[in-house]
Amino acid sequence: MLTCKQFLQELDEYLEKSLDAAEYAELQKHVNECPNCFVVCDTTEKTVKVFKGMDCKPVPEDIRGRLMDAMEKKMREKCGPKDPPSVP
Amino acid sequence: MSTFAAPTAFDETALVAAAKAGDSGAFSELIRHYDRRVFRMAKQITQNDDDAEDVLQETFLKAYTHLEDFQGNSKFYTWVVRIAVNEALMKLRKRRSDRTVPLDDPIDTGEDEVVREIAVWDQNPEDTYSREELGTILDEAVQSLKPAYRTVFILRDIEELSIEETAETLNLSISAVKSRLLRARLQLREKLTRLFKNKGDDAFAYL
């Protein structure tokens, strides 16, 4: 019989379903019979989900402006020799 | 001025190919598409706006300089994330070089997997909080993690690298990534449950 601690150690594998069928079934049996592990499993899954849906704010305009300035400088350096007519 | 990439026009493979062929506009388009994610990750790791800006610039300058080294074995963004996370960790090491505890070597106190908050969430956080409020809550939760756990969580669960890619990026074993990820998730679950729990559902004892 699986203990709660053993279940917890396998929680990620259980959530990601990266176990073989027998191991998965054993964990599933535990989670169905243990209300605490059911809640921990459910709230851990929700935790991961809420981070995956996390909003990503745009880069502030001033920071983006400096980034693009630095990039343009680098791009000019890289492309520079091609622009003027080649000199022997 | 709007800086959003056109939602239907983004074709990473084509833009990378064009950038490799010398189209700097294509590379700028890649930057516009990914800069916010790189900046967010840099801030989450360094916890400092100035360092995050440096990381943002260094990442795209290096990516541009070494674009020919990108072989297409992973997604372009995964390759960029690897550059960014290394830049961010370098910043962090530099800033904390006087500390005696290495950043990537968590001390195992045996208490990281303790579960105290056993309660269902009585709400869908996306419905209860504005996107801004929820973003602040999640940012603060991630920032409260130890750096070694935080970095693994960011790469795996926010940037959605695979376990293998996360291990390779951080030069860790697969088992170390799995162990740190579990601890990070449980610690975050603990923090979020304190905020989102059904207040009447707090009676279980556990472990």
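Trainee: Among the elements of chain B, which has the lowest mean pLDDT and which the highest?

Mentor: This is a predicted model, in which local features need pLDDT of at least 70 and side-chain atom pairs count only at pLDDT 80 or more, while totals for chains, interfaces and linings use all residues. pLDDT is the predictor's confidence in each residue, from 0 to 100; the elements are helices (H or I, at least four residues) and strands (E, at least two), taken as DSSP runs and numbered from the N terminus. The lowest mean, 86, belongs to α5(B), and the highest, 97, to α3(B).

Trainee: What ipTM does the predictor give the complex?

Mentor: Residues are numbered from 1 along each chain as its sequence is written, and chains are lettered from A and ligands numbered from 1 in the order in which they are written. Chain B has a mean pLDDT of 86, with 83% of its residues at 70 or more. For the complex, the predictor gives a pTM of 0.84 and an ipTM of 0.84.

Trainee: How many helices and how many strands are there in chain B?

Mentor: Read from the N terminus, the elements of chain B run α-α-α-α-α-α-α-α-α. The count is therefore nine helices and zero strands.

Trainee: What percentage of the residues of chain B count as buried?

Mentor: A residue is buried if 20 or more other C-beta atoms, placed from the backbone, lie within 10 Å of its own, exposed if 12 or fewer do, and partly exposed in between. Of the 207 residues of chain B, the buried ones make up 38%.

Trainee: At what angle do helices α2 and α4 of chain B pack?

Mentor: Axes are lines fitted to C-alpha atoms, for helices over the stretch in contact, and angles run from 0 to 180 degrees between N-to-C directions. For α2 (24-46) and α4 (76-95) of chain B, the axes are 10 Å apart and the angle is about 35°.

Trainee: How many residues of the contact of α2(B) with α4(B) are nonpolar?

Mentor: Among the residues that make the contact are B:L30, B:Y34 and B:V38 of α2(B), and B:F76, B:V80 and B:A84 of α4(B). Ala, Val, Leu, Ile, Met, Phe, Trp, Tyr, Cys and Pro count as nonpolar, Asp, Glu, Lys and Arg as charged, and the others, Gly among them, as polar. One residue of the contact is polar, one is charged, and the number that are nonpolar is 15.

Trainee: Which element gives the most to the side of chain B that touches chain A?

Mentor: In all, 40 residues of chain B are in contact with 32 residues of chain A. By class, the side of chain B has 22 nonpolar, six polar and twelve charged residues. With nine residues, the element that gives the most is α9(B).

Trainee: Is B:N171 buried or exposed?

Mentor: B:N171 is found in the loop between α8 and α9 of chain B, and its phi is near 55°, a positive value in a residue other than glycine. Most residues other than glycine have a negative phi. With 9 other C-beta atoms within 10 Å, B:N171 is exposed.

Trainee: Which residues does B:L67 touch, not counting those up to four places away in sequence?

Mentor: B:L67 lies in the loop between α3 and α4 of chain B. This residue is partly exposed, with 17 other C-beta atoms within 10 Å. The residues touched are B:A19 and B:K20.

Key. Two residues are in contact if their C-beta atoms, placed from the backbone, lie within 7 Å.
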